[in-house]
Amino acid sequence: METKIIYRHPIGNPERKWKQDNFIISTFKANAKEAKNPRVSIQEAKNLGFNLVEFGWTNPADSYKCIVACEEVGIDGIFQNWDAFGGFQTTEGSMDIKADEIKKFLEFTKKYRNVAGYYVWDEPIGTDRLTAAGKQVDAIEKLDPERHGFTVALPSYNAIATWENGKYIDYIREFAKLIRPAVLSMDFYPFKQYRLPEPPDQLDSNNIYLDLATIRMVAKENNMPMWFYFQSQGNPHTYEYNDFTPNQMRSQQYLSLLYGAKGLQNYNIFCGALNWDGTPGPLYHETKALNRYCTNWGRTLMALDSKFVFHSPEVLAGNETFKKLHNTTAESEILADKDLPFRCSVGELADEEGNRYLIIQNRDYRETRTFNLELKKKFRIYEVSKFTGDQKLLEKVVATLDGDFTRSDDIKNTISVNLGPGDATFLRFQDAEEEAFLIDYILQK
């Protein structure tokens, strides 16, 4: 079978110089507080399959040590230095341009190949803070244009711009306008916040779908890649593992991918994948496996644009804002105009030549589910492998709990997908009249 090569290009806000070449899997705060040498946890982060480590809220003196450690380990980092720039929300940080301090820090960082960028401001909100963050990114970009001046937006559960007061979309649009970030990143931690009990409907009534839809919308409006911080410990506010499950972590990662995310940001590896001394923790092996799968899918995802996002009817049922921000299957080029099965979500994506893909997810993070989906017409269907990133034509296979498919031949107008808790599959759909071919996406600079 022929393999078609499609060349892709670096992506990023056209108003910024830094561009993203490859799919990002990063973790916040990679410096283990109980380890004498930062190389301990940084090396483990690399072993876990992260290709970027972040050092938010790091003591400025320690930032220099972490830069050297990343160089020794051979992994890219984004570094913060509050002596020179940045802050947190509205409570910390300098609003000024500290030109001498910025210059001093960048004179040091320019010596190192693995400095990928700078953690400029964590969750700024309010016009004054957004303006200050944007000016600091400008100042850094002027001195070091090849590196990423990173910022992240607040989720909707804040005290200033919420869904309840109708200000959240305006906040995200103002964030994008005033900072003009190279990528649009947002965090959202939906599980057991402040030890609240889990609702019986899992996340079906959670505002995570509104926040993701907003970030996706504004990112598309500004031609910015979308990144997303997902929860990876039981209580991210107090750094506790509790009884957080791999299925809960998996469900967030795949949900953000079907919204079109080009970067997954783990918050965070401590009290989850790693212990505070940098040794392997309870989520170590699951984190490593998920990072491998998402990296393999990322080779294709970097060439695709998010077209539509569909959810089964129980998600935020009756919420008018949700209806405005999401799509119906009538808009799909692949799915028949019918409601999705219970706890099924789908993202439809396409490359620049019109090749169409679906990410199909089981949102249920407790039970395995089988979804029978009717298609608009007959297609050849290809799976993008989690294990290799390669495509394969689906033929006669037996349904399994690992996400295989029930099929009778290689051209169908229905598909049955069996997915474990929180799991997803990634498929390409080709018109049945065309000759079969595989696709490889190659970065062309």
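Student: Lysine 386 and aspartate 423: buried or exposed?

Tutor: Both lysine 386 and aspartate 423 are buried. Buried means under 20% relative accessible area, exposed means over 50%, and partly exposed lies in between (1.4 Å probe, protein chains only). This is a predicted model, where local features need pLDDT of at least 70 and side-chain atom pairs count only at pLDDT 80 or more, while totals for chains, interfaces and linings use all residues. Residues are numbered from 1 along each chain as its sequence is written, and side-chain values use heavy atoms, with hydrogens and water left out.

Student: What do lysine 386 and aspartate 423 form, and how far apart are the closest N and O atoms?

Tutor: Lysine 386 and aspartate 423 form a salt bridge, with the closest N and O atoms 2.5 Å apart. A salt bridge here is a side-chain nitrogen of Lys or Arg within 4 Å of a carboxyl oxygen of Asp or Glu. This pair links distant parts of the chain, 37 residues apart: lysine 386 is in the loop between strand 15 (369–384) and strand 16 (391–393), and aspartate 423 is in the loop between strand 18 (412–419) and strand 19 (424–431). Helices (H or I, at least four residues) and strands (E, at least two) are DSSP runs, numbered from the N terminus.

Student: How many salt bridges does the structure hold?

Tutor: It holds 27 salt bridges. One of them joins the side chains of lysine 4 and glutamate 353, at 2.6 Å from N to O. Lysine 4 is in strand 1 (residues 2–8) and glutamate 353 in the loop between strand 13 (344–350) and strand 14 (356–362), so the pair ties together parts 349 residues apart in sequence. Lysine 4 is partly exposed at 29% relative accessibility, and glutamate 353 is partly exposed at 45%.

Student: Which residue does arginine 356 form a salt bridge with?

Tutor: Its partner is glutamate 333, with the closest N and O atoms 3.1 Å apart. Arginine 356 sits in strand 14 and glutamate 333 in the loop between helix 9 (320–325) and strand 13, 23 residues apart. Arginine 356 is buried, at 13% relative accessible area, whereas glutamate 333 is partly exposed, at 45%.

Student: New topic. Which residues of helix 1 are buried?

Tutor: In helix 1 (residues 39–47), they are Ser41, Ile42, Glu44 and Ala45. Looking down the axis, these buried residues fall within an arc of 160 degrees, so they line one face of the helix. The arc is that of the directions from the helix axis to the C-beta atoms.

Student: What covers the buried residues of helix 1?

Tutor: The cover includes strand 3 (52–55), helix 2 (60–73) and helix 8 (284–301). Contact means heavy atoms within 4.5 Å.

Student: Where is the cis peptide bond?

Tutor: A cis peptide bond joins tyrosine 267 and asparagine 268, with omega about -20 degrees. Asparagine 268 lies in the loop between strand 11 (263–267) and helix 8.

Student: What is phi of glutamate 123 near?

Tutor: Phi of glutamate 123 is near 60 degrees, a positive value in a residue other than glycine. Most residues other than glycine have a negative phi. Glutamate 123 is in the loop between strand 7 (115–122) and helix 4 (127–143), and is buried at 7% relative accessible area. Glutamine 202 also has a positive phi, near 55 degrees. Glutamine 202 is in the loop between strand 9 (184–187) and helix 6 (208–221), and counts as buried at 3% relative accessibility.
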